[in-house]
Amino acid sequence: QVQLVESGGGLVQAGGSLRLSCAASGSIFSINGMRWYRQAPGKQRELVAVISSTGSTIYADSAKGRFTISRDNAKNTVYLQMNSLKPEDTAVYYCNAEIRSGSRDYFANYWGQGTQVAVSS
């Protein structure tokens with residue numbers, strides 16, 4: 001059974017920083033793309049950043065210049081460094097990954113449980 005577990009959320013003042021982590025565990029053969037999404041109250045879940053297995057990255061316009069996604073393949077972990085946080089960054093942040101596990105010959109999509117980020121003005 002594969003699990004994604006996020007950590008690092010919390011309450012921070014505007015202009016502050018947080019670093020989110022998401023560790024994949026279980027019977028993992030390989031991990032393809034890894035992503036961070038967020039969902040604010042009353043809004044749809046939105047993509048924040050993507051990192052490929054080779055380290056290529058894509059960011060939402062709202063994250064460009066402030067957030068950095070990275071991964072440690074040896075630890076099956078993806079990170080999201082968030083700087084210059086704004087109140088509008090307040091949301092539950094979810095990690096998502098395409099993982100080939102056990103004896104499967106295909107990649108399946110997995111989600112973490114989410115971690116709350118709250119930015120006060």
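Strand 5 (46–51) and strand 6 (residues 57–59) form a hairpin with five residues between them, and Gly55 in its turn has a positive phi of about 100°. Strands, like helices, are DSSP runs numbered from the N terminus, with at least two residues (E) for a strand and at least four (H or I) for a helix. The model is a predicted one, in which local features need pLDDT of at least 70 and side-chain atom pairs count only at pLDDT 80 or more, while totals for chains, interfaces and linings use all residues. Residues are numbered from 1 along each chain as its sequence is written, and side-chain values use heavy atoms, with hydrogens and water left out.

Glu46 in strand 5 is the bridge partner of Arg38. Strand 4 and strand 5 likewise form a hairpin, with six residues between them, and Gly42 in the turn has a positive phi of about 75°.

A further part of the fold is an open sheet of four strands, arranged in the order 1-3-8-7 with antiparallel pairing. Strand 1 (3–7) and strand 7 are the edge strands, each pairing on one side only. On average, neighbouring strands of this sheet are turned by 15° against each other, direction ignored; the axes are lines fitted to C-alpha atoms, for helices over the stretch in contact, and angles run from 0 to 180 degrees between N-to-C directions. Strand 3 and strand 8 pair in the antiparallel sense over six bridges, and Arg19 has Gln81 in strand 8 as its bridge partner.

Positive phi values also occur at two residues that are not glycines. Asn76, with a phi of about 50°, is placed in the loop between strand 7 and strand 8. Its relative accessible area of 24% makes Asn76 partly exposed, given that buried means under 20%, exposed over 50% and partly exposed in between (1.4 Å probe, protein chains only). Ser84, also with a positive phi of about 50°, lies in the loop between strand 8 and strand 9. Ser84 counts as partly exposed at 42% relative accessibility.

In soluble globular proteins, nonpolar side chains tend to be buried together. A nonpolar core is defined here as a set of buried Ala, Val, Leu, Ile, Met, Phe, Trp, Tyr and Cys residues joined through side-chain atoms within 4.5 Å. The largest such core has 30 residues, of which Trp36, Leu80, Met82 and Tyr93 touch the most other members. Elements giving two or more residues to this core include strand 3 (18–25), strand 4 (28–39), strand 7 (67–72) and strand 8 (77–82). The largest share, five residues, comes from strand 9. Contacts are counted for heavy atoms within 4.5 Å. Leaving aside residues up to four places away in sequence, Met82 touches Gly16, Ser17, Leu18, Leu20, Arg66, Phe67, Tyr93 and Val117.

Tyr94 lies in strand 9 (residues 91–101) and counts as buried, at 14% relative accessibility. Among the residues that Tyr94 touches, not counting those up to four places away in sequence, are Glu6, Trp36, Tyr37, Arg45 and Trp111. Gln44 is 50 residues from Tyr94 in sequence, and the two are 13 Å apart in space, C-alpha to C-alpha.

A search of the whole structure finds one aromatic pair. The rings of Tyr37 and Trp111 have their centres 4.9 Å apart and their planes at 50°, so the pair is tilted; rings of Phe, Tyr and Trp (its six-membered ring) pair if their centres lie within 6.5 Å, with planes under 30 degrees apart counted as stacked, over 60 as edge-to-face and the rest as tilted. The pair links distant parts of the chain, Tyr37 being in strand 4 and Trp111 in strand 10, 74 residues apart. Tyr37 counts as buried at 18% relative accessibility, whereas Trp111 is partly exposed at 37%.

Arg45 is placed over two rings. Its charged end sits over the ring of Tyr94, 3.8 Å from the centre, and Arg45 also lies over the face of Trp111, at 4.8 Å from the ring centre. The criterion is that NZ of Lys or CZ of Arg is within 6 Å of the ring centre and within 35 degrees of the ring normal.

Conventions: Pairing = 2+ DSSP bridges.
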